[in-house]
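Grab a pencil, take a look, and try each task before reading its solution.

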Amino acid sequence: MSAYIQDIRRGILDENPVFRLLLGLCPVLGVTGFAMNGLGMGLAATMVLICSNVVISIFRNFIPKTIRVPIFIVVIASFVTMVDMLLAAFQPELHDQLGVFVPLIVVNCMILGRAEAFASKKPIARSFTDGLGIGLGFTVALVALAAFREILGHGTVFDIDITGAAFDPMGVMALPPGAFLALGILLYGVNLLFRKLGIE
Amino acid sequence: MGFEEIMAIIFIYIFVENLVLNQFLGICPFVGVSRKMETAIGMSMAVLFVMTVAILVTWLIYNYLLEPFNLQFLEIVSFILVIASLVQLVEIMMRKISPALYQGLGIFLPLITTNCAIMGAALLAVTQEGFPFLTSIVFAIASAVGFAIALILMAAIRERMELVDLPRGISNSVVTMVTAGLLSLAFMGFEGVVTL
């Protein structure tokens, strides 16, 4: 049991894809204008990650070594297509907001990286928890960054006004440069926090 | 398509809607290979080459294969497969035809498969904007040049920052992000200069 909890903990803390490994940064910067979009993107990527991890783990003994990468890509692309269609059908507004970044989950190095480094070698249950852990880590990072930007850029979180009328939003945080600056500041904070926690 | 429109597209996609600094595509190579000027130039050339060919091929596939047969739902799977095999093909051909160029670009080509700049630009031009054929090619070249400018600027800055003593907690990635933010802020000055 503890191995599974370790997997999830590792995904969120030690090997957090965004804060520690700096993987899959395109959606991290691209969709984090609002906390809701960050959450939606994080959950969509988590779903693809879990499904592809499980499927690749099931077939890990049948996939020939030499052509494994194209196979991984096809598996991931199929799940991305499914998630894209599900979002378009049930959350059309969110789907429009995320735009090109939903299909771009397919080229997210984080997902291919987990398939190659973990799912193609480990049993199914472990691959599931690994996908869940890494996906949650990604979601936490996205929501943290998006909330940070939304507070500074609009004075709201999840569309709830928390700063009141006295606060004058910093428009630049809602614009593209704000994404880079906010991620820089957040990475600094996380570095300090992790140093306190003793994770290096 | 008139001359003016071509110039407008070139200007917009190099400066105003810069692929990296404005649309957040291709951040991985932007962060990953911007340590040294030589690698940045190599990567830029490889992207310019692959992006043009990739958009050309995906445009043909989308407009002559997927759309007539109502197979648009296959766009993600087909585009990524086309791009991945294209990169392989280009690599093999280059090794035979021009070993010198292969020496220069060789190591960057496999990396391009998971470069979201290529896939993102293809999706933007072919399916979202629905550009005509010639416009798509101009778009591809302009986007790749915009990517190259951002990457090379970044490499020039990072080469100078390499030996700087950083305070505790400020890692290289923090510096990279803030630098990118300032670059992006500078590029925002082009907003509204040209409209289509």
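**Exercise 1.** How many helices and how many strands does chain B have?

*Solution.* Keep in mind that this is a predicted model. Start by counting elements: chain B has 9 helices and 0 strands. Next, walk along the sequence, and you get the pattern α-α-α-α-α-α-α-α-α.

**Exercise 2.** Work out whether the radius of gyration of chain B agrees with that of a compact globule.

*Solution.* Begin with the chain length, which is 196 residues. A compact globule of that length would have a radius of gyration near 16 Å, and chain B comes in at 18 Å, so the two agree. Then look at the extents: the C-alpha trace spans about 60 × 45 × 30 Å along its principal axes. Now check the inside, where buried residues make up 42% of the 196 residues in chain B. Finally, take the contacts in chain B with a separation of 6 or more: 79% of them join residues 24 or more positions apart.

**Exercise 3.** Describe the side of chain B that touches chain A.

*Solution.* First, the head count: 32 residues of chain B are in contact with 34 residues of chain A. Second, find the helices that each supply at least two residues of this side of chain B: H2 (27–32), H4 (75–97), H7 (116–128) and H9 (172–187). Of these, H9(B) gives the most, with 8 residues. Last, sort this side of chain B by class, and you end up with 23 nonpolar residues, 9 polar ones and no charged ones.

Key:
Residues are numbered from 1 along each chain as its sequence is written. Chains are lettered from A and ligands numbered from 1 in the order in which they are written. This is a predicted model: local features need pLDDT of at least 70, side-chain atom pairs count only at pLDDT 80 or more; totals for chains, interfaces and linings use all residues. Two residues are in contact if their C-beta atoms, placed from the backbone, lie within 7 Å. Helices (H or I, at least four residues) and strands (E, at least two) are DSSP runs, numbered from the N terminus. Ala, Val, Leu, Ile, Met, Phe, Trp, Tyr, Cys and Pro count as nonpolar, Asp, Glu, Lys and Arg as charged, and the others, Gly among them, as polar. The radius of gyration is taken over C-alpha atoms; the globule rule is 2.2 Å times the number of residues to the power 0.38. A residue is buried if 20 or more other C-beta atoms lie within 10 Å of its own, exposed if 12 or fewer, and partly exposed in between; C-beta atoms are placed from the backbone.
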